[in-house]
Amino acid sequence: MVGETATGKSVGLGLGCDPVVGSLTCSKKREYRVTNRLQEGKRPLYAVIFNFIDSRYFNVFATVGGNRVTVYQCLEGGVIAVLQSYVDEDKDESFYTVSWACNVDGTPFVVAGGINGVMRVIDAGSEKIHKSFVGHGDSVNEIRTQTLKPSLVISASKDESVRLWNVHTGICILIFAGAGGHRNEVLSVDFHPSDIYSIASCGMDNTVKIWSMKEFWTYVEKSFTWTDLPSKFPTKYVQFPVYNASVHLNYVDCNRWLGDFILSKSVDNEIILWEPKVKEQTPGEGVVDILQKYPVPECDIWFIKFSCDFHFNIAAVGNREGKIFVWELQSSPPVLVARLSHPQSKSPIRQTATSFDGSTILSCCEDGTIWRWDDVTNSSD
Amino acid sequence: MIATKILREKSVRGTASSLGAASKPKTKVADSIKHSVEKNKSTMKHWMNNGLPCGKGTERPGIIYNLRKRKSKLL
């Protein structure tokens with residue numbers, strides 16, 4: 001049972017209570033305004049991401065849609081400049097995900113993957129393909145970069161596996177799959193923000209799994225100095241996660257660490273914040289402590305991913321009607337700081353990208369548009 | 001080895017359910033979230049700057065790879 005205050009907000013009542021649920025009454029703490037709208041093409045755009053890896057490029061973002069990867073820069077006054085655009089040689093390619101990474105010398109890389117299962121590593125400095133990663137047996141649904149060691153990227157695939165790659169050497173270091181692995185498409189994966197060994201993955205088997213690569217770290221280190229063919233590297237399988245739980249009753253299409261807690265989303269019109277707790281008696285099996293819920297109306301289709309600013313102050317998530325909900329993450333009860341909508345924005349928003357400080361929110365849509373919303377809360381005009 | 005494998009296989013089958021899970025005092029949720037985020041932030045070092053990246057209002061370092069000046073053949 002959850003009590004309600006006079007303002008209609010849900011509040012927790014102490015020990016043993018149900019999760020706190022955010023109210024959809026908007027606090028209007030922040031005011032965002034549409035400052036730009038781009039029609040990149042007619043094909044759906046599935047991913048958009050700011051470069052949080054390199055502080056020199058915080059205002060640079062990449063999008064993917066169809067067989068195209070495009071790099072843009074957010075400028076003052078809502079201007080969006082096209083910097084680069086790459087077209088895959090395979091016309092049937094459809095990229096689903098993109099991430100920023102770095103070579104060991106700091107060269108910015110854009111890593112994209114999609115329906116073909118081949119990951120393209122693009123050297124944005126020289127504007128050339130650096131490497132192509134072949135290994136996944138089916139579509140790549142998400143790619144994330146280890147911010148503590150940004151030559152390491154991880155990919156989640158329809159082939160039910162998660163793979164760790166070294167973009168510098170092109171080596172597939174680890175494969176997270178097997179007896180304890182996912183039983184259907186893996187839709188999302190994320191690195192822990194400070195524990196370099198931990199990742200969380202989720203997918204169509206309705207589960208969230210936490211994996212540790214600690215006992216395989218020597219292979220990670222070896223991958224940086226490997227000079228032989230990548231195919232000769234002793235890639236290892238990680239068959240058992242250190243934690244497994246069913247938090248949702250349907251596909252889980254996005255999970256992100258929030259400190260040691262996890263934000264995850266299914267097709268139940270909400271994002272859930274919860275704490276994974278391992279049972280000491282039965283390693284690998286976990287208990288779920290759901291802390292709070294962030295409602296997202298009309299978000300009952302899968303492959304809609306949310307984003308957070310660098311400091312995890314806010315999360316922005318779109319829905320199938322082209323609306324964006326901006327939640328304050330670290331308050332309890334959750335506070336809806338803004339609801340963003342526009343009469344011409346009616347297409348499903350596949351992903352949002354929130355800028356470093358949350359001052360800009362981008363959305364990429366099923367109709368091929370990119371929308372830019374800027375925080376004008378403290379604007380004098 | 002076989003016993004270990006059996007134990008592991010058994011452990012992953014019994015998936016915990018979220019139904020009824022609510023052990024943390026919810027009045028402390030906000031503090032727990034902030035503490036968890038801050039704890040991780042204090043140990044998170046940006047690999048290039050050896051510290052957290054600069055925020056809004058802070059002067060950013062010059063761009064070494066000036067992407068804009070290099071025109072792609074595809075554009």
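Begin with the largest cavity, which holds about 540 Å³ of space, where a cavity is a set of points, on a 1 Å grid over the protein atoms alone, at which a 1.4 Å probe fits but cannot get out, and a volume is the space filled by probe spheres set on the points, joined across faces, edges and corners. Select Phe52(A), Arg144(A), Thr147(A), Asp190(A) and Phe312(A), the closest to its centre among the 28 lining residues, each lining residue having an atom within 4 Å of a point.

This is a predicted model, in which local features need pLDDT of at least 70 and side-chain atom pairs count only at pLDDT 80 or more, whereas totals for linings use all residues. Residues are numbered from 1 along each chain as its sequence is written, and chains are lettered from A.

Next, colour the strands (DSSP runs of E, at least two residues, numbered from the N terminus): those giving two or more residues to the lining of the largest cavity include β5 (45-50), β9 (95-102), β13 (140-145) and β30 (349-354) of chain A. The largest share, 4 residues, comes from β30(A). By class, this lining divides into 15 nonpolar, 9 polar and 4 charged residues, with Ala, Val, Leu, Ile, Met, Phe, Trp, Tyr, Cys and Pro counted as nonpolar, Asp, Glu, Lys and Arg as charged, and the others, Gly among them, as polar.

Then move to the second largest cavity, of about 70 Å³, by selecting Thr97(A), Val98(A), Glu142(A), Ile143(A) and Gln351(A), the closest to its centre of 13 lining residues. Here β5, β9 and β13 of chain A each give two or more residues, and β13(A) provides the largest share, 4 residues.

Terms used: Side-chain values use heavy atoms; hydrogens and water are left out. On a 1 Å grid over the protein atoms alone, a cavity is a set of points where a 1.4 Å probe fits but cannot get out, and a pocket is an open set with protein on both sides within 12 Å along at least five of seven lines; lining residues have an atom within 4 Å of a point.
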